[in-house]
Structure formats: structure tokens, C-alpha cells
Amino acid sequence: MIRAAPEAEADARAAAETAARRGYGKLVAYLAARSRDVAAAEDALADAFASALIDWPKNGVPRSPEAWLLTAARRRAVDAVRRKKSAAMGEDHLTLIAEELEEAGSHATEIPDRRLALMFACAHPAIDAAIRAPLILQCVLGFDAVAIGSAFLVAPATMGQRLVRAKTKIREAGIPFRVPEREDLASRLEAVLDAVYAAFAEGWSGADLKRRELSGEAIWLGRLIVELMPNQPEALGLLALMLHAEARRNARRAADGGYVPLAEQPVQLWDRTMIEEADALLLRARSLGAIGRYQLEAAVQSAHAARRHLGHSDWPAIVMLYDGLMALTASPVVAVNRAVALAEVQGAASGLAALDALGNDKRIAEYQPYWAARAALLARLGDREGADNAYALAIGLEADPVLRDFLAKQRAGLGAA
């Protein structure tokens with residue numbers, strides 16, 4: 001057996017990884033659009049990727065990797081159906097063969113994008129509300145059960161079982177893969193926006209540089225939703241929020257790779273075009289007269305971006321915006337951020353008192369930003385022992401080595417203060 005050269009294998013693997021990052025959800029959505037069998041589409045696509053890693057090193061990476069993968073996946077879907085004996089599956093078999101022949105007779109390599117339709121299928125009212133966002137992350141963006149379980153604080157095995165049940169529900173209930181009518185659209189929007197934002201956050205905060213494309217993918221999906229729903233203020237707010245965060249990406253790391261907190265980032269490294277687009281989206285959302293979570297969070301980021309003009313963040317406005325978010329969400333994450341903002345307006349003692357008020361909320365016991373904020377405020381108040389203990393907890397809870405190093409340096413600085 002002739003083995004491909006290592007360079008060819010490396011090129012093939014890199015091309016397959018790129019195709020997976022850029023086109024996984026697009027391919028799954030297209031494969032599952034008629035059969036509504038998401039699990040079968042995923043299995044066929046997994047087989048296609050496995051075949052690519054055998055074929056591409058020997059025959060070269062095709063001009064259109066996505067089209068190659070789609071053809072291979074559809075052939076495997078046909079083979080899978082062929083093994084089924086029931087008459088009901090026979091009809092699907094004929095449909096798949098007809099589609100494959102139709103594609104074989106066409107030289108087009110452009111694959112219709114049906115991801116948005118798949119997203120709304122995953123957010124269908126027949127799907128349990130708690131699993132809609134995780135399902136979108138897996139089906140549309142290719143997250144595995146381990147990553148999704150970690151994001152939603154659910155054991156991977158449990159999350160995997162829930163995702164399987166949800167996909168079975170889509171198939172057995174015949175949930176259509178289409179964008180709903182206008183009257184049904186808004187009710188499913190929240191789950192869709194939550195999933196898109198979760199994907200963005202994973203790509204934006206992750207230490208792995210390869211995950212950066214995930215942020216771009218989430219922004220692309222956000223733009224697609226805004227294009228479809230131009231008068232939905234929360235869709236506008238989410239896109240504004242993502243753009244404000246993405247605008248600061250290049251300023252989040254120093255030349256040596258170290259973490260740079262927002263207050264110390266050089267504003268000239270922020271992407272002015274993104275910030276201006278985000279603020280324009282916020283103005284559009286405001287004109288629609290319905291305030292929501294994503295608009296308020298985006299407005300917080302806009303108030304931070306005011307440092308470009310004011311020389312400092314607009315802290316009084318930030319406190320007011322967090323007050324609004326607390327009224328909407330009662331989130332401990334929002335409460336911690338509000339306490340930090342309050343310390344900038346009223347002093348470290350007021351911020352610490354706001355954190356103390358959260359002491360009985362069990363959700364913050366393992367929330368790293370709570371302990372990091374507490375440590376910083378205790379240090380400002382001169383309580384070195386309390387700050388040292390809080391920093392130790394924050395460091396122990398942080399998974400990102402870059403952030404751990406930053407917190408360790410802050411902790412070491414206590415002795416020099």
C-alpha cells in the first residue's frame with residue numbers, strides 16, 4: 001500500500017479542519033433539510049470527513065472541499081438508506097438518489113445556506129426550552145457535548161443524551177426546516193440569539209487562536225438574523241454587543257501575550273469602524289421602542305468605548321445600565337459587574353458592600369470574576385490578607401493560563417504595595 005507523503009497528509013488535515021470550521025453547520029443544514037434527520041446528517045458528514053482524510057492526501061485537496069464533502073456525505077446517506085428495508089424509508093432512498101443525480105449533472109459548487117432554517121427548527125416550541133440553545137450550538141456550529149455541557153454546567157453524558165433526544169424529536173415530529181412565519185418568529189428568537197451569543201463568547205474568550213473563527217461565524221449569523229428581522233431590537237442589540245467586543249480583540253493581549261484588562265487597553269488598537277457600526281445598530285434598536293438584555297449589554301460596552309473621547313469609561317451610565325439589566329435578569333454575573341462599576345463611581349467600599357450582598361448566592365461560589373473583583377477591591381481598601389485569599393480562589397478557578405498569570409501577578413503585587 002502506497003502511503004501519502006507527510007506533507008500531503010498535513011495539508012489534507014488542515015483543509016479538512018478549515019472546512020469543518022467554516023462549513024460544518026452549512027453542510028448539516030443542507031443534508032438534513034428534507035429528511036429532518038439531523039443525527040443521520042451528522043453521521044454521514046462524519047463519514048465524509050473520514051473519507052477525505054484518506055482520499056485527499058493521495059489525490060490532492062479538491063478545488064471545493066465543501067462540495068466534495070457534501071457529495072461524499074450524500075452518498076453515505078444513500079448507502080445508509082439502502083440498508084433499510086421498510087417501504088417508508090424507500091421513498092427517502094429515491095429522493096436522495098434523485099438529488100444526488102441532479103447534483104452530479106450540475107457543475108455548481110455553491111451550496112445553498114440553510115443554517116438559519118436549521119436554527120429555527122432547533123428552537124421549535126416542540127423542543128424543550130432548556131435544550132434549544134445547546135442544540136443550535138451542536139447542529140449549526142459543530143460544538144461537541146463536552147464543550148456544550150461545560151458552557152451550560154451540565155455533565156457531558158447528560159448533555160449528550162438530551163441532544164440525542166432533541167434530534168429524535170425533530171425527526172419523529174416532522175419539525176420543518178424553514179424560517180417560521182412572521183407571527184411565530186419572535187417567540188423563537190430568544191433561544192436563537194442566546195445560542196449565537198454563546199458561540200461568540202466561546203470564540204472570543206478562548207485561548208485557542210483557532211477558535212477565533214467561531215466569533216466571526218457568530219457575527220455572520222448575527223448579521224443574517226438582522227437581515228431577516230431588521231425590526232427586531234434584540235437582534236440588533238446582540239449584533240452591536242458582539243461588534244463592540246470584537247472591536248477590542250487586538251488590544252486584549254500585550255506584545256508578550258499577556259492579558260490586558262479593559263481599563264488599560266490602548267484605545268488606538270480598538271477597531272473604530274466596528275465600534276461605529278455597533279453604535280449605529282444601537283440607535284436603530286432604540287428607535288424601535290423595546291428595551292432588552294442585549295441592547296443594555298451593548299450599551300454598557302458603548303459606555304466603555306466612550307473612553308476614546310472622554311479619556312475614561314462613562315461609569316455613572318454603566319451603573320444605570322447594570323441597574324436596568326438587574327431588573328431584567330437578576331443575574332449574579334450582572335450583579336458582580338455592577339459592583340465593579342459602583343466602585344468606580346462611589347468608591348471601593350460601596351463596591352465591596354455590593355459584592356457582600358451576594359454572599360448568600362450559591363451561584364457565585366465558583367465564579368472566578370467575583371473573587372477577582374473582591375480581591376481587587378480589598379486591595380484598594382488595604383486589606384492585603386483578604387485580597388490574598390480572594391486572589392488565591394480566583395486563580396484556582398481560572399482555566400485560561402494567560403488570565404491565571406495576570407491574577408498571579410496582581411496577587412504578587414500585594415506585597416509590594
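**Exercise 1. State where Ala330 lies, and decide whether Ala330 is buried, partly exposed or exposed.**

Solution. Ala330 sits in the loop that joins helix H15 (315-329) to helix H16, where helices are DSSP runs of H or I with at least four residues, numbered from the N terminus. This is a predicted model, in which local features need pLDDT of at least 70 and side-chain atom pairs count only at pLDDT 80 or more, while totals for chains, interfaces and linings use all residues. Residues are numbered from 1 along each chain as its sequence is written, and side-chain values use heavy atoms, with hydrogens and water left out. Next, take the accessibility: because its relative accessibility is 46%, Ala330 counts as partly exposed (buried means under 20% relative accessible area, exposed over 50%, partly exposed in between, with a 1.4 Å probe and protein chains only). Finally, look at the backbone: the phi of Ala330 is near 50 degrees, a positive value in a residue other than glycine. Most residues other than glycine have a negative phi.

**Exercise 2. Describe how H16 and H17 are arranged, and which residues meet.**

Solution. Begin with the axes, which are lines fitted to C-alpha atoms over the stretch in contact, with angles from 0 to 180 degrees between N-to-C directions. The axes of H16 (residues 332-346) and H17 (residues 348-356) come within 6 Å and cross at roughly 160 degrees. H16 is therefore roughly antiparallel to H17 (angles under 35 degrees count as roughly parallel, over 145 as roughly antiparallel, 65 to 115 as roughly perpendicular and the rest as oblique). Then list the contacts, meaning heavy atoms within 4.5 Å: Val336, Arg338, Ala339, Leu342, Ala343 and Gln346 of H16 meet Ala348, Ser350, Gly351, Ala354 and Leu355 of H17.

**Exercise 3. Find the angle between H1 and H6, and name the contact residues.**

Solution. Helix H1 (residues 6-32) packs against helix H6 (residues 129-141) at about 100 degrees, with the axes 6 Å apart, so H1 is roughly perpendicular to H6. On the H1 side the contact is made by Tyr24, Gly25 and Val28, and on the H6 side by Gln138, Cys139, Val140 and Leu141.

**Exercise 4. Determine how many residues of H5 are buried.**

Solution. In helix H5 (residues 115-122), 8 of its 8 residues are buried, among them Arg115, Met119 and Phe120.

**Exercise 5. Locate the lowest and highest confidence.**

Solution. On pLDDT, the predictor's confidence in each residue from 0 to 100, the protein averages 85. Confidence is lowest in helix H4 (residues 87-104), at a mean of 50, and highest in helix H11 (residues 233-247), at 97.

Notes: Helix = DSSP H or I, 4+ residues; strand = E, 2+ residues; numbered from the N terminus.
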